[in-house]
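These are my notebook entries on a structure that I went through on screen. I wrote down what I looked up, in the order in which I looked.

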Number of protein chains: 2
Amino acid sequence: MSDKNRRLMTPDGVRDLLPGTAGRKRQVENRVLETFSLFGYREVATPAIEYSSTFTGEMNGDLEGKLYRFPDERGRTMALRPDFTFPLARLAATHLAGEALPLRLCYGGSVWRYATGQQGRQREIAQAGVELIGSGSIAADAEVVALAVESLLAAGLSEFTVCLGHVGFLQTLLCAHGVTKEAAERVKAYFNRKDFVSLKEYVATLAVSDRSRRCLLGVTALRGGRGVLDEAAALLSAGTERDSLDRLEETWLMLEEFGVSRFITFDLGLVRSLDYYTGMVFEGYTAGLGFPVLGGGRYDRLLGLFGRDLPAVGFGLNLDHLLTVLERRGVFGVTEALVFVSYSAGGRAGAMAEARRLRREGRPVILDVAARTREEALAEARNRGAGEVIHCTAGGRWTGNE
Amino acid sequence: MSDKNRRLMTPDGVRDLLPGTAGRKRQVENRVLETFSLFGYREVATPAIEYSSTFTGEMNGDLEGKLYRFPDERGRTMALRPDFTFPLARLAATHLAGEALPLRLCYGGSVWRYATGQQGRQREIAQAGVELIGSGSIAADAEVVALAVESLLAAGLSEFTVCLGHVGFLQTLLCAHGVTKEAAERVKAYFNRKDFVSLKEYVATLAVSDRSRRCLLGVTALRGGRGVLDEAAALLSAGTERDSLDRLEETWLMLEEFGVSRFITFDLGLVRSLDYYTGMVFEGYTAGLGFPVLGGGRYDRLLGLFGRDLPAVGFGLNLDHLLTVLERRGVFGVTEALVFVSYSAGGRAGAMAEARRLRREGRPVILDVAARTREEALAEARNRGAGEVIHCTAGGRWTGNE
């Protein structure tokens, strides 16, 4: 393809947001950020370009392979940020090291993830999210889950489910049933992909008792209301520590106090793909969207990579997915009625005065850029979907509604 | 430097926005975009990553050398967008080809410009701007300049000047005085850099009459109110076309009708650095900032590169510069008073109810994540700059003001 034709195209995995959609995206992002602010979270913004070492090394499993990388003028490897959690950990360990704990931080912006071989996968993803850094308490877990629910509600989504799990439960179960570390990783990978067919085949090959096999496969059914925690406890042998279940129980009680428990479903087979989660994990789902609209959890080891050993919990919301769902459901009202102000010879000053008056009232106005007849003005206004037309002449003004 | 230490740093030319600043930046960007919307401009958003060919070739003089480039998986050269005008021209020529003209489009987001050897120069720049595509009228020129003024006012800036010129004037003058094309480019470059010392030295070497020399140097003094246009006309020989001055005169009259002429200063030596401007050009300046806070003008040839030959006019505003100036001038009021809600044993449910009530009223609330004594809560609230403290116990609640 020639450069001339390519100039008219956008690369795979990125897209243009056209009039209407782009404004609605800003509206959703602002509402979500306002909700974060109501919970005391303070916005920060980190650069799109960082040293790649901010994102490489331990606990980066999923991200490292998806980095957009390029060298700077001194040969250092730079990367487009694939995530906000790592940069916010950097901030917590540097500029914000002197602030009172826990830190409550939030963000909204794009991340870039290079995914070859996955046709149609978005590579530029708009995210908003929070990180609560410096508290390992259950109250912190509950606050972050409650805020996830409140953010979706504020954005205009009313029907959704937040699935809540704990990476410790499956870990404990695998350990209690004598599954080797390698086999455990593979089992977790099947849970992560929700590939229960392969899971079943694989578990059949494991050198464990039939009861253990039934227990492991039983986790796939541990989805639902609070009773799931009792079913889960039954899979653990007597004497096995059940700290993860106790924490989830207490988290649930707090989510009831937050008034959001009706949105929560337990899912003890939930294993988030990022390998840095250490406790509670959650994902938000809504009908008609094949991906989670948000995801998060507790990650108590990540900050240590940045030299500041602090527990942390947070979530990120995919604004593109959220926008898509909200547009499909028609939750956006009609925007403020556009006014088309036009003029014929001698009416320009009057038209400009009208436009100024209306804009001062907060109404969007297109002021025509050339003199026209009233009939032409009406046609122009119709082309632009204006709800009202004001046409000024030397002698006065004429108002009409479309 | 080790990767471990680099992980804590940000690269040259980019920066973190800390709590407070990041929120104020969002506030400024939203106010500016709301102003664009009041003038009927519709927001669009284009990807950060494009084929580099969108930005290379003709009329890209300043940008091509500053592209962040990297190959994609098929060896095509990608670039981070260095500007929004080229992508919006692409949109006008593709997705928006069927819409009524003129198109009024706006945007807000980051651009990236790679500048080696310029220590301290920002490489990630937050911009907001508009493009009015499909009208060559003076009314379009005036609308865009008026909108630039209104945007700065809406953002909270009250003292600033918009310098207004026309690239055609200097062009006509150089031509009328028989300056060669090469010499003319060099003269324009000195005007662009406002390097009047070198300009004077260079003009002295030109093979033109003394009167011509005086005329060319006289342009440097053509700054000020409307009278400047008459002084400018006097530099042109009788019979030379004075279309650029006539347009500026008419633009001025419309800016008076827009009620913004008090912010306008003519500057006929203004030559914007981008080589695609074809008519009126302008830059916004405010005291204490060594760069223009905004710049724009008419560019009637750019759209042709994208296969759609349309006149256009627009401007871009540097949100980082604007934010810096606004913060220095202390225009941001005190933010909504933060409330710190804490609890001692037995008071948690009451504290959560308080937090919910306050948040419903739109007040930002930090809900403590652990039980504390009232004294500890007061100290915590003070650390966070909360204006009000509510401490709940099993028996009731205590309210205090910091």
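This is a predicted model: local features need pLDDT of at least 70, side-chain atom pairs count only at pLDDT 80 or more; totals for chains, interfaces and linings use all residues.

I began with strand E15 (residues 388-393) of chain B, which runs antiparallel to strand E16 (residues 396-401) of chain B and is joined to it by 6 bridges.

Residues are numbered from 1 along each chain as its sequence is written, chains are lettered from A and ligands numbered from 1 in the order in which they are written, and side-chain values use heavy atoms, with hydrogens and water left out.

I counted 15 helices and 16 strands in chain A, whose C-alpha atoms fill a box of roughly 95 × 55 × 50 Å along the principal axes. Of its 402 residues, 58% count as buried, where buried means under 20% relative accessible area, exposed over 50%, and partly exposed in between (1.4 Å probe, protein chains only). Of the contacts in chain A with a separation of 6 or more, 69% are between residues 24 or more positions apart; a contact means heavy atoms within 4.5 Å.

I found A:Leu147 in helix H5 (residues 138-155) of chain A, and it counts as buried because its relative accessibility is 0%. Leaving aside neighbours within four places in sequence, A:Leu147 is in contact with A:Thr35, A:Phe36, A:Phe39, A:Tyr41, A:Val130 and A:Phe315.

I asked how many cavities of 30 Å³ or more a search of the whole structure finds, and the search gives 8. A cavity is a set of points, on a 1 Å grid over the protein atoms alone, where a 1.4 Å probe fits but cannot get out, and lining residues have an atom within 4 Å of a point. The largest cavity holds about 990 Å³ of space, a volume being the space filled by probe spheres set on the points, with grid points joined across faces, edges and corners. Its lining has 47 residues, and A:Gly109, A:Ser110, B:Gly108, B:Gly109 and B:Ser110 lie nearest the centre. In both chain A and chain B, helix H2 (21-38), strand E5 (103-112) and strand E6 (124-133) each supply at least two residues of this lining. I sorted the lining of the largest cavity into 19 nonpolar, 12 polar and 16 charged residues, with Ala, Val, Leu, Ile, Met, Phe, Trp, Tyr, Cys and Pro counted as nonpolar, Asp, Glu, Lys and Arg as charged, and the others, Gly among them, as polar.

I found a cis peptide bond between A:Leu101 and A:Pro102, with omega about -5°, and A:Pro102 sits in the loop between helix H4 (85-93) and E5 of chain A. In chain B, a cis peptide bond joins B:Leu101 and B:Pro102, with omega about -5°.

B:Lys194 has a phi near 55°, a positive value in a residue other than glycine, and lies in the loop between helix H7 (181-193) and helix H8 (196-204) of chain B. B:Lys194 counts as partly exposed because its relative accessibility is 36%. I then turned to B:Glu283, which lies in strand E10 (residues 280-285) of chain B and touches residues including B:Lys194, B:Arg272 and B:Thr161. Is B:Glu283 buried or exposed? B:Glu283 is buried, because its relative accessible area is 8%. Its side chain makes a polar contact of 2.6 Å with that of B:Tyr285, a polar contact being a pair of N or O atoms within 3.5 Å, where within protein one must be able to donate a hydrogen and the other to accept it, and residues adjacent in sequence count only if both atoms are side-chain atoms.

Note on methods: On a 1 Å grid over the protein atoms alone, a cavity is a set of points where a 1.4 Å probe fits but cannot get out, and a pocket is an open set with protein on both sides within 12 Å along at least five of seven lines; lining residues have an atom within 4 Å of a point. Helices (H or I, at least four residues) and strands (E, at least two) are DSSP runs, numbered from the N terminus. Two strands pair if DSSP finds at least two bridges between them.
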